[in-house]
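Visitor: I would like to learn how to read the features of a structure. Please take them in turn.

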Protein chains: 2
Amino acid sequence: MEPVDTLISARWVLPVEPDGRVLEDHAVAIRNGRIVAVLPSADAHVRYAPQESIQRPSHVLMPGLVNAHTHAAMVLLRGRAENLRLGPWLRDGVWPLERRWVDPEYVRDGTELAIAELVRGGVTCFADMHLWPEVVARTAAEVHMRASVGLVVTEAATGWAATADEYIDRGMRLRDEYRGDPLVSTHFAPHAPYSVSDATLARVRRLADELDLPVALHVHETAWEIEQSEQKFGRRPLARLASLGLASPQLVAIHMTQLEAQDLDTLAGSGASVVHCPESNLKLGAGVCPLPSLLGRGVRVALGTDGAASNNDLDILGEARTAGLLASGISATPGSLIASDLLRMATLEGARTLGLGETTGSLVAGKWADLCCIDLQQPRTWPVNDVHAAVIYGASSSQVTDTWVAGRRLMADRALVYLDEAAVLERAESWRRRFENSRVEAASDD
Amino acid sequence: MEPVDTLISARWVLPVEPDGRVLEDHAVAIRNGRIVAVLPSADAHVRYAPQESIQRPSHVLMPGLVNAHTHAAMVLLRGRAENLRLGPWLRDGVWPLERRWVDPEYVRDGTELAIAELVRGGVTCFADMHLWPEVVARTAAEVHMRASVGLVVTEAATGWAATADEYIDRGMRLRDEYRGDPLVSTHFAPHAPYSVSDATLARVRRLADELDLPVALHVHETAWEIEQSEQKFGRRPLARLASLGLASPQLVAIHMTQLEAQDLDTLAGSGASVVHCPESNLKLGAGVCPLPSLLGRGVRVALGTDGAASNNDLDILGEARTAGLLASGISATPGSLIASDLLRMATLEGARTLGLGETTGSLVAGKWADLCCIDLQQPRTWPVNDVHAAVIYGASSSQVTDTWVAGRRLMADRALVYLDEAAVLERAESWRRRFENSRVEAASDD
């Protein structure tokens, strides 16, 4: 018998690779944080001597979910700027609060709360874009969470950096610090075409080429952004990025609610990826990314929740459902995008988008054991006539029972292992009280 | 001190009437199944001597949700007919299975499973449309659930009735049996304009007038339905219903994804209600009901999940979120429909649509104590910067901790009181095995 650290047996295993496969009564064997094998449970119990054996008789075992775009610490602002379009939401709702409050303590407390929610929802990797990315990286590493931390770049001075060059320099130091880290990777995260200059984008592109890092930015989020770019630069934002050499397989175009034929050509021709954030796009009235058009052209699409201030949760399972409903109902027809496609987008395509497709995102021997387990024996997902449909269209993220990152269990039987959840919630509440008191003070000043 | 049966104190109380109100640290006092008062907790503990006192310090207490359109027993078929448009979904997916399997045992087992899910999701009243409505009524009454049971009418012969007149006659007997029942009410449920004749609709209308019952039917669910009606009857389905005298405050038009100016005029002019089922409509590629247009004309709109075979859950909280996202993103603009509007649609408007607006749907003294409690102190809804947004855009239905119908607690601290959940799930699984075996047999016959 071959020794392994952990053997998890489940009623159903969805490996994502091969695509759409449902394995019944299978097990995943884990050693040194990596998947050793995916095989029938009966065989596994003969072949492996595990230190820890976990039975999940009414559960799906599958790759952990990948949230390919969020602003984790914004969970502290959820509900603070309701009922606004993106423009006023940023200008009047979010930015004034962020200018006043965002500091390393805020980012740490917010990121911890976000990770608690993510792990509870089966997410094993998130791509972040927020000030103080070194705090995001440290917080994720401390609680053994996988993160692709965005090296934020903008022209606007903030508490973190005064100039675009300072953003980039601080980002480069962070990248060097986590180079080769098993959990934390980095990518460039210029904010958006409308907030970053040509010169800065060109510098980001040179560094990204040199260091082989993804470049993720908000692109074509709203019609306003297109108009502004056409007026100022004489072309659409994506065309401007292409002219600066940024349309490449490293490009991660977040949102893309505005798509014309030329944009599709650029994305398809360059091998760029798109991150679809349907709930935030709908809630902010930004538009709908035409998912079936992108997939029809072979463009890789991953899923993101965006920040919780425009969602208002970080639930990738729910985001996949919304993406599927929208694709069936609006952009295309039922059957053009099936539940297993949505699961692949929520896992493997997310990993690939972040440059992590060789190491996570599917249950393949040699990859990190980034997994989650979902109990389907609940009234809302029972009986299971179709496993993929039960996961995508039925399951609530609260049915996730266990989450592993690199073989380490971050949630065991619905209890978080590395986060003191009560303390995390209490710190979030203290931030709410601070916001509230300052609003009351501001009102009494008037 | 005045004796009451139950006193529930919560961090937040959302009474729905007055509209949009948030009451902090309030309590609801209950006697003989009815709400006695909604008042500050501090006052309540001085004024009332409750037999049972329940503290919910991090929870919202609000009216139970109303699922204004479902086919409860269809939960057994969830996942059985994926990736199809409405037409083939019915013809090739659902109807063959229903013809073979639907009998009183199927309806009882399916309805019990549905009620388990509904109660877990905070729903205290559902409007049903399914064969064997007497089984639905009996099942709901046995587990103390509120239901408005549809008296199904169609021209198609089934195991339950052979002719439209037999449907109506059986329905009338059921209506008489439950007349005055505190939990079970009835409404006419002709299937759809395309499956019920003019003569039958006219008879339904005469009886509905006489007995003052709502008439709920699928109307304008798809573009196909409009075309078929124009070809066969020379007019749109809603216009045909109007010509038969059915456009009245009793009309409950389910779906309404196809709306022209004349349809809006008919709905607004007649005082009819619409039940919006966005997830089913999207999943079946049926279209999107233009909610803001309806609300702009003062048409009452309630929310329904439709059956779980096209959803795939019975989660009204999730349905309200989808309705809100769609309204912000597609039909209108952010802010045209705010979270408290969605909560009212998911509660009081549902009750009003079913003719129950005077007795349930809001926290008003004298109404039945139909309530639910949602724990917001969870990572996905914390901190609470906006209570309505936390409930509609953040909370998962699994955060519902308690559900009361007419003052009786059907779920206490997340445990169902009147249903043996393990047995309900096991019976559902045995139906799945029967479907599966018959599919295997059918395949081996080929």
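Guide: Start with the salt bridge: a side-chain nitrogen of Lys or Arg within 4 Å of a carboxyl oxygen of Asp or Glu. Side chains of opposite charge can pair when their charged atoms come close. In chain A, Glu17(A), Asp19(A), Arg300(A), Asp341(A), Arg344(A), Glu349(A), Arg352(A) and Lys367(A) are linked in a network of such bridges. This is a predicted model, in which local features need pLDDT of at least 70, side-chain atom pairs count only at pLDDT 80 or more, and totals for chains, interfaces and linings use all residues. Residues are numbered from 1 along each chain as its sequence is written, chains are lettered from A and ligands numbered from 1 in the order in which they are written, and side-chain values use heavy atoms, with hydrogens and water left out.

Visitor: How many salt bridges are found over all chains?

Guide: The search of the whole structure gives 75. Between chain B and chain A the count is six.

Visitor: Which residue of chain B does Arg321(A) form a salt bridge with?

Guide: Its partner is Asp313(B), with the closest N and O atoms 3.6 Å apart. Arg321(A) lies in helix α12 (residues 316-331) of chain A and Asp313(B) in the loop between β12 (300-303) and α12 of chain B, so the pair joins two chains. Helices here are DSSP runs of H or I with at least four residues, strands are runs of E with at least two, and both are numbered from the N terminus. Asp313(B) also meets the side chain of Arg380(A) in a salt bridge, at 2.8 Å from N to O.

Visitor: Are Arg321(A) and Asp313(B) buried or exposed?

Guide: Buried means under 20% relative accessible area, exposed over 50%, and partly exposed in between, using a 1.4 Å probe and protein chains only. Arg321(A) is buried at 10%, and Asp313(B) is buried at 1%.

Visitor: What does a salt bridge within one chain look like?

Guide: The side chains of Arg120(B) and Glu421(B) meet at 2.8 Å, N to O. Arg120(B) lies in helix α3 and Glu421(B) in helix α16 of chain B, so the pair ties together parts that are 301 residues apart in sequence. Arg120(B) is partly exposed, with a relative accessible area of 22%, while Glu421(B) is buried at 17%.

Visitor: How should I read the interface?

Guide: Begin with contact, meaning heavy atoms within 4.5 Å. By that rule, 59 residues of chain B are in contact with 59 residues of chain A. Buried area is the accessible area (1.4 Å probe) that two parts lose on being put together, summed over both. For chain B and chain A it is about 4600 Å², of which carbon and sulfur atoms give 58%. Pro379(B), Arg380(B) and Asn385(B) supply 16% of the area that chain B buries against chain A, more than any other three residues.

Visitor: And how is a helix checked, taking α3(A) as the case?

Guide: The expected span is 1.5 Å times one less than the number of residues. Helix α3 (residues 104-120) of chain A has 17 residues and should span 24 Å; its end C-alpha atoms are 24 Å apart, which agrees. Of those residues, 13 are buried, so α3(A) is largely enclosed by the rest of the structure. After α3(A) comes Gly122(A), whose phi is positive, near 85°.
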